Amino acid sequence: MAASSTIVCFGEMLIDFVPDTSGVSLAESQGFLKAPGGAPANVACSISRLGGSAAFIGKVGKDEFGFMLADILKKNGVNAEGVLFDEHARTALAFVTLKKDGEREFMFYRNPSADMLLKESELKMDLIKKAKIFHYGSISLITEPCRSAHMAAMKAAKEAGVLLSYDPNVRLPLWPSAEAARQGINSIWNEADFIKVSDDEVEFLTQKRSDDEEAIKSLWHDGLKLLVVTDGEKGCRYYTKASLSFNGKVPGYSVKAIDTTGAGDSFVGSLLVSMAKDTSIFTDEAKLKQALAFSNACGAICTTKKGAIPALPSVSEAQALMSGST
């Protein structure tokens with residue numbers, strides 16, 4: 001009998017190779033640190049680190065890196081029953097440069113990688129249907145057969161009354177074109193109950209400024225319970241039913257950022273933990289603001305260390321930052 005997990009994350013898990021020196025280009029870097037990555041996997045680890053119950057569904061290669069990643073999920077307390085190993089394709093790799101300001105540039109190796117080859121028939125549907133929240137990104141929409149598996153998983157979750165959580169996580173180099181990325185990301189937009197986008201993603205998706213309220217309104221759909229726009233160190237903005245009933249800003253926390261990798265995933269993971277505990281955050285503004293402040297703290301802490309999963313905070317670390325005692 002499969003163990004059920006409250007939050008099931010679906011998509012890619014890969015290895016990030018990060019220069020061992022900050023602020024250099026890939027070409028300039030003398031050496032690279034190997035770090036586990038992939039947004040949905042980072043979110044699953046973030047949830048687990050904060051005491052939540054998480055599972056990950058995705059495919060890695062039947063290779064040393066794939067085994068390492070499955071092991072990392074287990075070590076982080078994530079249910080890895082839905083992890084598959086592909087005999088023929090390798091685990092995806094990404095070389096990620098951290099520029100002087102801690103922002104990132106990507107170079108991907110996936111042609112095709114194992115995560116792209118996940119088939120609908122391989123999905124652990126019972127895990128998905130028993131969840132409270134089903135979380136996913138958009139990278140799993142780029143190619144078949146993974147796209148069909150993604151659509152089937154989403155449909156099964158929705159029919160089972162599971163809350164759908166979507167963080168598009170735009171990675172332009174992986175899409176055939178910018179327009180293909182916009183279309184692919186928007187193709188499942190109206191299915192989600194909760195969507196998180198960064199300010200940069202708002203600009204990319206709407207082709208308007210991220211502080212343009214009309215741009216935000218164009219991202220709203222009637223089935224949404226919550227839309228959150230993250231503004232980096234400035235914090236986040238939130239929009240609920242018709243923003244209708246309430247919307248506002250929650251300020252961020254000032255930290256010395258050295259690597260923004262995984263900060264958005266840490267933010268999302270902590271917000272999903274709050275949602276799973278108490279769905280009244282969709283209708284109770286005070287509770288929502290509290291949850292978002294906690295998420296801002298989690299995102300901020302994640303930027304103070306290199307790599308995504310190793311930098312994910314615990315509840316006590318986030319609370320210490322919020323109370324100003326770090």
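Let's start with a strand pair: β2 (residues 14-19) runs antiparallel to β3, and six bridges join the two. Within this pair, Val-18 lies opposite Leu-33 of β3. The model is a predicted one, where local features need pLDDT of at least 70 and side-chain atom pairs count only at pLDDT 80 or more, while totals for chains, interfaces and linings use all residues. Residue numbers start from 1 along each chain as its sequence is written, and side-chain values use heavy atoms, without hydrogens and water. Strands (E, at least two residues) and helices (H or I, at least four) are DSSP runs numbered from the N terminus, and two strands pair if DSSP finds at least two bridges between them.

The pair belongs to an open, mixed sheet of four strands in the order β3-β2-β6-β7. Because β3 (32-37) and β7 (104-109) are edge strands with a single partner each, one side of each has no neighbour in the sheet. On average, neighbouring strands are turned by 25 degrees against each other, direction ignored.

## The helix on the sheet

Helix α2 (residues 64-75) packs on this sheet and touches β2, β3 and β6 (93-98); contact means heavy atoms within 4.5 Å. The direction of α2 makes about 95 degrees with that of β2, with axes fitted to C-alpha atoms (for helices over the stretch in contact) and angles from 0 to 180 degrees between N-to-C directions.
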